[in-house]
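Subject: Structure handover

Hello,

Please find the structure below, followed by notes on what turned up in it. Could you read the notes with the coordinates open?

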Amino acid sequence: MLIMRHELLLIAITVILLLIEIFLPHDKKHKIILPAILLMALVTAAGFIPGPTGVLFGGMYGTSALILLMKNILNIGVLIVFIQSVSWLKLDDQKEKISEFFILLLSTLIGMDYMISSGDFLMFYLGLELATIPIATLAAFERYKEKSAEAGVKLIFMSALSSGILLYGLSMIYGTTGTVYFPEVAATFQSTPLQILAFIFFFAGMAFKISLVPFHLWAADVYEGAPINVTSYLSVISKGAAVFIFTIILYTVFAKIALMWRDVIYVIAILTMTMGNLFAMRQRNIKRFLAFSSIAQAGFILLGIIGQSQLGMTTVIYFVLIYIFSNLGAFGVATIISNKTGKESIDDYDGFYRTNPMLSLTMMLALFSLAGIPPIAGFFGKFFLFAAAAKQGLYILVLIAVLNTIVSLYYYLLIIKAMFLNRSDQPIGYFKSDGYTRLGLAICIAGILIIGFASPVYEFILKLSYGIY
Amino acid sequence: MFTYTVWIVLIPFFLFILIGFFGHKFKPLVSGVVGTSGLFASMALSYYTAYQYFFVVGKTGDVFGKIIGYNTVWLKLTEKLHIDLGVLLDPISVMMLIVITTVSFMVHLYSIGYMQGEKGYMRFFSMLSLFSFSMLGLVVATNIFQMYIFWELVGVSSYLLIGFYYTRDTAVAASKKAFIVTRFADLGFLIGILLLSFNTGTFDFLTLTDPNGVAITQGSGIMFLGLSTMTWSMIFIFMGGAGKSAMFPLHIWLPDAMEGPTPVSALIHAATMVVAGVYLVARMFPIFHFSAPVALDVVMCVGAFSSIFAAVIACTQYDIKRVLAYSTMSQIGLMMFALGVSGYGAEEGLGFMASMFHLFTHAFFKALLFLAAGAIIHAVHSNYMNDMGGLRKHLPITHITFLIACLSIAGIPPLAGFFSKDEILAAGHEKSMMLFILGLIISALTAFYMFRLYFSIFWGKQQQYHHTPHEAPKVMTIPLILLALGAVFAGFIPFSSFVTSDGKPFASHIDFAVAIPAVLVGVLGALTAMMFYMKETNIPETISRSLGGFYRAAFRKFYIDEIYLFITKKILFNYVSRPVAWFDRHIVDGSMNGISYVTNEVSTRIKGMQSGQLQQYAWIFVSGAIGLALAFIYLWTL
């Protein structure tokens with residue numbers, strides 16, 4: 001029981017929220033916000049209580065200290081998303097569906113937790129689908145808006161396609177090894193042509209979730225169309241969870257063919273970083289912009305994965321943790337602007353600093369962290385990723401990554417320039433953000449600052465990562 | 001046991017955050033009071049630490065050891081190479097804690113009155129806290145990298161404070177000059193650090209300065225231009241120290257730095273930051289002594305020359321803060337000189353002890369002189385001694401405390417300056433007769449220019465003031481009185497039983513063969529000044545005229561500034577910067593513009609991929625997967 005405590009707690013609060021929803025009168029649906037956030041905060045805090053780890057159901061499910069840490073990180077991210085969504089949920093259009101938002105989000109989180117903990121491919125697939133399908137509903141949450149509906153449809157179609165290919169790959173793995181359990185697959189997996197095909201199909205399915213080039217095309221449209229809070233969830237939490245399980249499977253199940261998958265990732269990393277950056281440069285819509293920037297960031301994460309060692313695992317988790325805070329910080333500011341004024345174009349940000357200095361500074365900090373400017377957290381995150389790749393002697397890859405960082409600096413600074421330097425005749429007027437938004441942003445700022453300066457965080461992850469590889 | 005010492009450093013840091021970010025929510029006076037009480041807490045902790053260290057736990061056997069009070073690995077680059085942040089306690093760092101927190105507290109208290117009504121009152125106090133934090137972090141550094149980090153922080157906060165009156169062009173120019181000159185020196189420091197750590201494989205002071213440790217016994221490294229790597233690295237490190245401590249020829253920023261508010265001059269440019277260079281050499285002293293004696297000779301020569309050079313200039317200046325600035329440079333030169341002649345081990349290390357002792361007493365009387373000068377400037381609204389005279393009746397407290405400080409710095413017994421300067425002269429005497437005589441000349445000059453200052457301000461001709469000068473408020477005179485007590489009594493501390501080069505206490509005594517001539521030349525200098533300046537006479541004018549060119553050169557500070565300007569403006573700008581700028585504009589910018597043009601073009605061309613059509617996405621997805629699979633099957637199996 002206790003081994004599965006993260007999932008059970010989440011299921012419990014989902015049920016509680018459902019019950020509250022039933023008893024709430026029609027016009028008082030917003031009363032669910034506070035209990036939802038408090039319960040999530042409680043679950044997040046409870047996740048840090050040490051407890052037993054181990055294997056359940058004959059190896060279908062397993063946890064370790066490291067996996068628990070990953071789940072805790074996801075919990076924190078979801079909590080921030082909850083807090084940031086409040087201003088949007090309170091708008092008239094969403095008022096009726098507030099509880100649905102929380103419940104759907106929680107079910108995807110449960111799916112992710114099962115996915116990370118999975119010990120065989122069946123469990124993994126179940127978790128993956130549970131984590132994906134509700135998101136399509138969420139993307140179409142503003143269903144009367146054409147773009148939102150389109151985003152939902154696109155997401156569900158593309159994820160059906162990718163699931164199909166992934167399943168195809170899994171069936172070939174089962175066909176060639178005769179098992180779906182991770183340790184047994186790991187023991188017998190070779191690099192026969194059929195198995196390479198199986199691996200690549202599996203890889204394509206995961207690459208879809210992480211939005212790696214050329215499997216990323218859905219991302220921009222869905223990110224733009226979906227409500228901005230769902231976008232931030234998709235590009236941060238959902239991506240982070242996929243990165244975690246992807247890394248675990250590569251390091252354990254496919255350890256034998258590491259030489260091959262490292263080459264695959266080498267190619268995809270270069271493609272993803274470069275294409276992500278080239279597209280990001282041209283975007284004028286803040287959501288599309290952040291979508292492509294998050295694609296480019298995914299390319300950087302691959303550098304840590306390719307490190308394939310204790311160091312690699314650590315750097316990936318560390319980077320995702322920082323990435324959650326930085327990206328949610330940027331999204332948080334974009335969200336509040338979008339909710340208060342409906343403006344989503346970067347051109348509208350001209351002169352924003354003059355009217356809303358605190359929000360501009362927060363945005364600047366988040367973007368600096370994403371760009372990797374020392375001494376903010378993002379710099380250390382990237383530095384360690386590059387170090388992990390450099391340790392494998394992949395200097396050319398690191399060089400390309402550094403060049404890409406410079407390009408990314410260009411477009412992150414464009415936004416900062418718009419906010420601080422450009423003048424505008426009609427800047428976005430001053431507005432006061434509500435307490436929830438401020439709380440959410442404060443958590444992000446604290447995260448960005450503390451994780452960058454406090455080395456114990458990194459040391460802690462490093463220690464936990466010892467067993468996985 | 002000493003974990004709490006980390007709070008000595010952290011309290012000013014939190015003050016900086018608190019005053020800097022939230023100070024504007026309160027009345028200005030609040031930030032002053034908060035800053036001052038915070039510093040008081042820091043000072044109280046320092047005194048407690050000193051008590052614990054010197055009287056309770058510091059001694060193991062017969063020796064004051066080095067204790068790591070607190071340590072944390074901050075940036076772990078590899079297993080061996082990591083940068084730590086921590087607190088290292090040994091006699092010199094504990095002594096510096098006392099000096100810095102005491103002077104900083106006095107300056108905070110004094111500034112409550114001095115800065116009253118200034119725009120930027122709150123900014124001033126937040127910067128003072130930032131400076132105190134950086135300086136404290138510097139002296140407790142456990143490794144040379146931490147020292148470097150705080151060293152730069154000190155530079156930045158000094159820059160901010162010198163340029164406090166940022167609407168005044170001269171202040172802006174002075175702050176830039178200070179920053180650039182010290183930054184240039186820090187480049188040497190950084191090169192030195194890299195050479196040293198490359199050679200020894202560690203940043204850690206404990207390992208570096210252990211006389212039996214690896215660094216000293218086998219770390220001399222390869223030879224380059226006749227000197228070992230170790231010597232070169234120590235010379236470079238000393239370059240950083242010379243920059244901060246305003247040693248010739250990197251001293252040019254110090255007189256200009258007087259543009260800052262006077263309390264800042266007292267804190268930064270008299271008692272704390274400028275002695276960072278001395279502290280640096282003292283911290284690395286075993287390496288200097290055992291592995292790089294040539295570098296130690298450099299320290300001695302630079303110190304001695306700067307000392308006499310600055311003393312001569314000080315005799316000719318009229319701006320009272322500038323006289324004090326050159327006097328500071330001269331006294332720091334003496335400290336460097338004492339380190340340079342010192343040996344290692346109990347009595348052998350007399351110079352080391354003398355240097356630290358003088359640093360300690362100098363902090364009191366020099367801070368006092370600056371703060372008193374601030375009170376005078378506050379009263380007559382001028383920096384020039386020509387505008388002053390006969391002030392003793394108007395400013396009685398300032399007068400008495402200023403006189404005490406002058407007597408102390410002139411080395412008149414039994415004031416503090418006498419004891420510490422006597423030890424320095426004794427150390428010089430042990431080395432050679434020549435150096436002793438040099439020391440005597442500097443002492444005579446010191447007494448002369450200090451009393452020249454004293455008599456022209458408080459005696460001399462009676463001036464007609466626009467409105468009668470009045471004594472400063474209590475909040476300003478109390479620090480003066482407290483510091484005056486320090487300037488009187490600090491000398492009675494038996495310093496050699498606490499601070500020595502190797503931690504072994506020894507008993508020092510006063511050598512009359514040294515003390516008597518020293519006192520005599522001091523009195524002689526003071527009497528000469530009295531003759532010249534107590535009543536209005538034309539003797540100074542006659543003398544300066546008879547000295548002719550030499551006087552003019554000294555008055556113009558030996559044209560060092562002009563030489564710098566000539567080198568930078570005429571030679572560097574024309575023959576180095578111009579070609580580099582051309583290369584930058586045409587070649588570097590050109591290729592960068594080319595790259596960005598190509599990048600932009602490519603990103604326009606590929607936008608077709610993102611058409612928004614699902615069929616196309618699916619097509620790219622599937623063909624991508626199959627293409628990858630085929631490529632890797634081909635590469636790996638055929």
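**A loop in chain B**

B:P414 sits in the loop between α17 (396–409) and α18 (416–431) of chain B. Helices (H or I, at least four residues) and strands (E, at least two) are DSSP runs, numbered from the N terminus. The peptide bond that joins B:P413 to B:P414 is cis, with omega of about 0°.

This is a predicted model, in which local features need pLDDT of at least 70 and side-chain atom pairs count only at pLDDT 80 or more, while totals for chains, interfaces and linings use all residues. Residues are numbered from 1 along each chain as its sequence is written, and chains are lettered from A and ligands numbered from 1 in the order in which they are written.

The loop between α17 and α18 of chain B also holds B:A410. B:A410 counts as buried because 28 other C-beta atoms lie within 10 Å. The cut-offs, with C-beta atoms placed from the backbone, are 20 or more other C-beta atoms within 10 Å for buried, 12 or fewer for exposed, and partly exposed in between. From B:A410 to B:S443 the C-alpha to C-alpha separation is 6.8 Å, at 33 residues apart in sequence. Leaving out residues up to four places away in sequence, B:A410 touches B:G417, B:T446, B:A447, B:M450, B:G522, B:G525 and B:A526. Contact here requires C-beta atoms, placed from the backbone, within 7 Å.

**Chain B as a whole**

Chain B has 638 residues, of which 53% are buried. Its secondary structure comprises 25 helices and six strands. Of the contacts in chain B between residues at least 6 apart in sequence, 80% join residues at least 24 apart.

**Helix α16 and what follows**

Helix α16 of chain B (residues 350–380) has 31 residues and spans 44 Å from its first C-alpha to its last, close to the expected 45 Å. That expectation is 1.5 Å times one less than the number of residues. At B:H362, α16(B) bends by about 30°, the bend being the angle between axes fitted to the seven residues ending there and the seven starting there. The helix is mostly covered, as 29 of the 31 residues of α16(B) are buried.

Just after α16(B) comes B:H381, with a positive phi of about 55°. B:H381 belongs to the loop between α16 and α17 of chain B. Is B:H381 buried or exposed? It counts as exposed because it has 12 C-beta neighbours inside 10 Å.

**Nonpolar cores**

A nonpolar core is a set of buried Ala, Val, Leu, Ile, Met, Phe, Trp, Tyr and Cys residues joined through C-beta atoms within 7 Å. The largest one has 207 residues, and B:V281, B:A367, B:L368, B:A405 and B:A487 touch the most other members. α16(B) supplies the largest share of this core, 22 residues. Not counting residues up to four places away in sequence, the contacts of B:A487 are B:F364, B:F365, B:L368, B:I404, B:A405, B:S408, B:L415 and B:A416.

**B:A178**

B:A178 lies in helix α6 (residues 169–200) of chain B. With 27 C-beta neighbours inside 10 Å, B:A178 is buried. Setting aside neighbours within four places in sequence, B:A178 is in contact with B:S158, B:Y159, B:I162, B:W253, B:D256 and B:A257.

**Where the chains meet**

On the chain B side, 24 residues are in contact with 26 residues of chain A. The elements of chain B that give two or more residues to this side are β3 (67–76), α24 (560–605) and α25 (614–637). α25(B) gives the most, with 13 residues. By class, the chain B side has 16 nonpolar, six polar and two charged residues. Ala, Val, Leu, Ile, Met, Phe, Trp, Tyr, Cys and Pro count as nonpolar, Asp, Glu, Lys and Arg as charged, and the others, Gly among them, as polar.

**Two backbone points in chain A**

A:V213 and A:P214 are joined by a cis peptide bond, with omega of about 0°. A:P214 is in the loop between α8 (193–210) and α9 (217–225) of chain A.

A:F57 is not a glycine, yet has a positive phi of about 50°. A:F57 lies in the loop between β1 (55–56) and β2 (61–62) of chain A, and it is exposed, with 11 other C-beta atoms within 10 Å.

Regards

Definitions and conventions: Contact = placed C-beta atoms within 7 Å.
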